[in-house]
Amino acid sequence: MFVSEAFALSSAVCIALSSMFINELNGRVPLLRLARWQITAGFVITACAALALGGWRTLESWQVWYLAASGVFGIAIASTTYFAAIYIAGPRLTALLFSLASPFALIMGYVAFGETITGTQGLGVGLILTGIIIAIGVRRRRPPAMMPFSDAQPNDSIVPVGPPPSLLGISLVILTAFGQALGSLLARPAMASGVEPFTAMAIRSGLAVIFF
C-alpha cells in the first residue's frame, strides 16, 4: 500500500479545503488573529495527542532545536504569508501555487543533503511548473450574455473572468511554498530519527503560538 502517498494526497486535500474556509473569513477576521486561532487550535490538538501516545518522553534535546527552527519558517512565517495570500489572491491561485513547495523541497534536499533527483521526480517538477504557468498565464474566459436578435459574435466578444492575478498575492504564495519547503527540510533529520509525528507538530506549532 502506498501509505505515504495517501497521506500526502490527504494533506493536499485538507490544505485546499482550508484555503476555501479561510477565504470566507476575508474581511471578517484580521490576518494575525486568524493565524493565532488556527495555530493555537493545532497546538492543543497535537499536544494532547502526543501526551496520549507518550511522544514527549522519547524526545531528545537536539531534535527540539531542529523542530523549533522548522516551526519558525514552516509555520510562523509560512502560515502568515499563506493567510495573507488567500486574502489577496484568493483560494484557487493560492492552492495552485502552494504546490511549488514540492519542487522547492526537492531542490533543497539536493543542495543540502546531496539527495539524488530521479528522472521521475524531475518529470514531476516539470509537470507542476508547466501546469502553474498554464493556469496563471491563460485566464479563464467566458462569452457575454447574448441579447435576442443581436449581431454580436461570441468569439469576438469573449471577456476574461475576474481581475488578473495580483503580483503581491503571487509573491506571498511563493514565499509560503518556500517557507514550507524549508521547514520540511529542517524537520527532516529529527523525523528521520523517529520522532513521534504528533509531538513534532506540537513543538513546531507551540513555538508559533508563542510568536503570535
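In which sense, right-handed or left-handed, does α1 pass α4 in their crossing? α1 passes α4 in a right-handed crossing. This is a predicted model. Two packed helices are described by the angle between their axes and the distance between the axes.

**α1 with α4**

- The axes of α1 and α4 come within 9 Å and cross at roughly 150 degrees.
- Angles over 145 degrees count as roughly antiparallel, so α1 is roughly antiparallel to α4.
- On the α1 side, the contact uses I15, S19, M20 and N23.
- These meet P91, A95 and F98 in α4.
- By class, this contact of α1 with α4 has five nonpolar and two polar residues, and no charged ones.

**α1 with α3**

- For α1 and α3, the axes come within 9 Å, with a crossing of roughly 60 degrees.
- That angle makes α1 oblique to α3.
- The crossing of α1 past α3 is right-handed.
- From α1, the contact draws on I15, S19, I22 and N23.
- From α3, the partners are Y82, F83, I86 and Y87.
- Six nonpolar and two polar residues make up the contact of α1 with α3, and no charged residues take part.

**α4 with α7**

- Helix α4 spans residues 91-98, and helix α7 spans residues 167-192.
- Their axes come within 9 Å and cross at roughly 40 degrees.
- α4 and α7 are therefore oblique to each other.
- Their crossing is right-handed.
- α4 contributes L93, T94, L97 and F98 to the contact.
- α7 contributes I170, V173, T176, A177 and Q180.
- The contact of α4 with α7 counts six nonpolar residues, three polar residues and no charged residues.

**The largest pocket**

- The volume of the largest pocket is about 2,000 Å³.
- The pocket is lined by 43 residues.
- Closest to the pocket centre are S11, A12, I15, F98 and Q180.
- Which helix gives the most to the lining of the largest pocket? α1 does, with 13 residues.
- α1 (3-23), α2 (31-53), α3 (61-89), α4, α5 (101-113), α7 and α8 (197-211) each supply at least two lining residues.
- How do the lining residues divide into nonpolar, polar and charged? There are 25 nonpolar, 15 polar and three charged residues.

Key:
Residues are numbered from 1 along each chain as its sequence is written. This is a predicted model: local features need pLDDT of at least 70, side-chain atom pairs count only at pLDDT 80 or more; totals for chains, interfaces and linings use all residues. Side-chain values use heavy atoms; hydrogens and water are left out. Axes are lines fitted to C-alpha atoms, for helices over the stretch in contact, and angles run from 0 to 180 degrees between N-to-C directions. Helices (H or I, at least four residues) and strands (E, at least two) are DSSP runs, numbered from the N terminus. Angles under 35 degrees count as roughly parallel, over 145 as roughly antiparallel, 65 to 115 as roughly perpendicular and the rest as oblique. A crossing is left-handed if the near helix is turned anticlockwise from the far one by less than a right angle, and right-handed if clockwise. Contact means heavy atoms within 4.5 Å. Ala, Val, Leu, Ile, Met, Phe, Trp, Tyr, Cys and Pro count as nonpolar, Asp, Glu, Lys and Arg as charged, and the others, Gly among them, as polar. On a 1 Å grid over the protein atoms alone, a cavity is a set of points where a 1.4 Å probe fits but cannot get out, and a pocket is an open set with protein on both sides within 12 Å along at least five of seven lines; lining residues have an atom within 4 Å of a point. Grid points are joined across faces, edges and corners, and a volume is the space filled by probe spheres set on the points.
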